[in-house]
Amino acid sequence: MTSAIEHFQNRLRFETDVSDVHHDLEAGTPGLVVIDSRSTESWDQGHIPGAVHLPTRQIAARAAELVPPGSAVVTYCWGPGCNGATRAALEFAKLGYPVKEMIGGYEYWVREGFPTDGPAGRTSRPVDDLTAPAGLACGC
């Protein structure tokens with residue numbers, strides 16, 4: 001029983017979801033830095049408003065110039081089929097930052113209808129009812 005409690009407590013300690021990140025960004029949570037760890041081509045296609053673009057391979061060299069010490073870092077990549085956010089979170093953890101991985105990634109951010117910045121400016125897509133009830137909180 002203790003193993004299960006530890007497991008789930010650690011998941012909540014080191015993972016967050018797109019709804020929670022959206023809420024924190026909207027609330028202006030102090031010290032939060034959202035990191036998009038994807039390639040420049042992916043970033044240019046679209047990204048979370050307010051995110052910082054820092055591809056994983058550049059984190060060790062550039063984190064100190066882009067992310068203030070003590071910031072709460074949230075990493076994201078494409079989606080659940082990609083472990084890029086996990087690798088990025090590991091790099092931030094090695095540097096001593098408190099860090100969480102945003103599960104669902106950019107894919108679920110878009111599918112839940114949250115805004116993105118891209119070539120057409122700020123846009124959002126309709127909510128995918130397989131990922132979130134339209135206009136309602138999931139209640140979890």
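**Figure 1. The protein chain has six helices and seven strands.** Helices (H or I, at least four residues) and strands (E, at least two) are DSSP runs, numbered from the N terminus. This is a predicted model, in which local features need pLDDT of at least 70, side-chain atom pairs count only at pLDDT 80 or more, and totals for chains, interfaces and linings use all residues. Residues are numbered from 1 along each chain as its sequence is written, and side-chain values use heavy atoms, with hydrogens and water left out. Read from the N terminus, the order of elements in the protein chain is α-β-α-β-α-β-α-β-α-β-α-β-β.

**Figure 2. The C-alpha atoms of the protein chain fill a box of roughly 45 × 40 × 30 Å along the principal axes.** Of the 140 residues in the protein chain, 37% are buried. Buried means under 20% relative accessible area, exposed over 50%, and partly exposed in between (1.4 Å probe, protein chains only). Contact means heavy atoms within 4.5 Å. Among contacts between residues at least 6 apart in sequence, 64% join residues at least 24 apart.

**Figure 3. The accessible surface of the protein chain comes to about 8,200 Å².** Carbon and sulfur atoms account for 55% of this surface. Accessible areas come from the Shrake-Rupley method with a 1.4 Å probe; for residues, only the protein chains shown count as cover. The protein chain carries 11 positive and 17 negative side chains, and the centres of the two sets are 5 Å apart. Lys and Arg count as positive and Asp and Glu as negative, while His and the chain ends are not counted. Each charge is placed at NZ of Lys, CZ of Arg, CG of Asp or CD of Glu.

**Figure 4. The largest nonpolar core has 13 residues.** A nonpolar core is a set of buried Ala, Val, Leu, Ile, Met, Phe, Trp, Tyr and Cys residues joined through side-chain atoms within 4.5 Å. The members that touch the most others are Val21, Val34, Ile48, Ala51, Tyr76, Met102 and Trp109. At least two residues of this core come from each of α2 (18-27), β4 (72-76) and α6 (105-111). Helix α6 gives the most, with three residues. Val21 is in contact with Thr16, Val34, Val74, Met102 and Trp109, leaving aside its neighbours within four places in sequence. Another core, of twelve residues, lies apart from the largest one and includes Ile59, Val67, Ala89 and Tyr97.

**Figure 5. Ala132 and Pro126 are both found in the segment after β7 (121-123).** Ala132 has 11% relative accessibility and therefore counts as buried. Not counting residues up to four places away in sequence, Ala132 touches Glu112 and Val127. The C-alpha atoms of Ala132 and Leu90 are separated by 29 Å, and these residues are 42 apart along the chain. Pro126, at 72% relative accessibility, counts as exposed. From Pro126 to Val99, 27 residues apart along the chain, the C-alpha separation is 30 Å.

**Figure 6. Leu12 sits in helix α1 (residues 2-14), and Ala64 in helix α4 (residues 59-66).** Leu12 is exposed, with a relative accessible area of 65%. Leu12 and Glu101 are 89 residues apart along the chain, with their C-alpha atoms separated by 10.0 Å. Ala64 counts as exposed because its relative accessibility is 68%. Between Ala64 and Met102 there are 21 Å in space, C-alpha to C-alpha, and the two are 38 residues apart in sequence.
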